[in-house]
Amino acid sequence: MKNYKANINYFKKWEGLKTLGLGMLIVGFTSIWLAMGYLVYLGGIALLAVGAVLFLTGNINRSTEAEILAEISRRSEGMNFPEVETERHFYKRVPERPEILDFAGFSFSEGIWLKKMKNGSICSSEYLTAKMLLLTDAFYVKQRKFSLISDINEEQTVEIAFSLVEDLTVLRESKSFSCGSKSFSVKLCYLVITFDGGKTLCLPAADDVYVDELAARLKKTAGETTEE
């Protein structure tokens, strides 16, 4: 059974509780050890008691950042394309050397939990991962969006014929989201495929020069194939 409560506490509990508690334990133990006076001794005992409570509160039933990332990695596995080898629909449409592209990132919207990670980036309680198989005449995409704090797990498969692609661009934007009393500024980057009369497919991507190069290459691939 998934321990969603521990994941919720990752977002709710202040991570500094553990550090603060440990610091109070050290100071309290030092005060008792040195025994510089009766009041200092009593203060040391109080610090030990409070420090122990804070340390345990910060640790018990709370996922760590490493555990959150490990769960994301585990739940992102298993997105493959075995059907392209058995279904007639894909006959002669898979290149001799298939190329599969990976997309992944936290999903952001109002009403979900947010937290600043150790590297300074913002994470959320929802994650989106996708894989794109380049067919000879279409983009074949599988998406999985899952929650880290509930049983929500949505999967979608989209096939976009090159002939239906209207545009393929990189969307960069900064948005502000609130979580409780805090506001988080998040920089978003998506590879956006516009197709079939204005429909869009947004795939999360790292904000670097490579995503621009990828967008240009995929747009060229779809255009060249359509022209043939």
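The predicted model holds seven aromatic pairs, where rings of Phe, Tyr and Trp (its six-membered ring) pair if their centres lie within 6.5 Å, with planes under 30 degrees apart counted as stacked, over 60 as edge-to-face and the rest as tilted. The rings of Y10 and F11 have planes at 80° and centres 5.1 Å apart, so this pair is edge-to-face. Y10 is buried at a relative accessible area of 0%, and F11 is buried at 6%; buried means under 20% relative accessible area, exposed over 50%, and partly exposed in between (1.4 Å probe, protein chains only). Y127 and F146 form a tilted pair, 5.8 Å centre to centre with 40° between the planes. This pair links distant parts of the chain, with Y127 in strand 4 and F146 in strand 5, 19 residues apart. Y127 and F146 are both buried. F81, F90 and Y140 form one aromatic cluster.

The charged end of K115 sits over the ring of Y10, 5.3 Å from its centre; the criterion is NZ of Lys or CZ of Arg within 6 Å of the ring centre and within 35 degrees of the ring normal.

Residues are numbered from 1 along each chain as its sequence is written. Local features need pLDDT of at least 70, side-chain atom pairs count only at pLDDT 80 or more, totals for chains, interfaces and linings use all residues, and side-chain values use heavy atoms, with hydrogens and water left out.

Helices (H or I, at least four residues) and strands (E, at least two) are DSSP runs numbered from the N terminus. An open sheet of four strands has the order 1-4-5-6 with antiparallel pairing; two strands pair if DSSP finds at least two bridges between them. Strand 1 and strand 6 are at the edges, each with a single partner strand, so one side of each lacks a neighbour in the sheet.

| Strand pair | Bridges | Direction |
|---|---|---|
| Strand 1 and strand 4 | seven bridges | antiparallel |
| Strand 4 and strand 5 | nine bridges | antiparallel |
| Strand 5 and strand 6 | nine bridges | antiparallel |

A104 stands opposite T129 in strand 4, M132 opposite V141 in strand 5, and F139 has I160 in strand 6 as its bridge partner. A hairpin of three residues joins strand 4 to strand 5. Eight of the nine residues of strand 4 (residues 126-134) are buried.

In helix 4 (residues 65-75), E65, I68, E71, I72 and R75 are buried. Their directions from the helix axis to the C-beta atoms cover an arc of only 125°, which puts them on the same side of helix 4.
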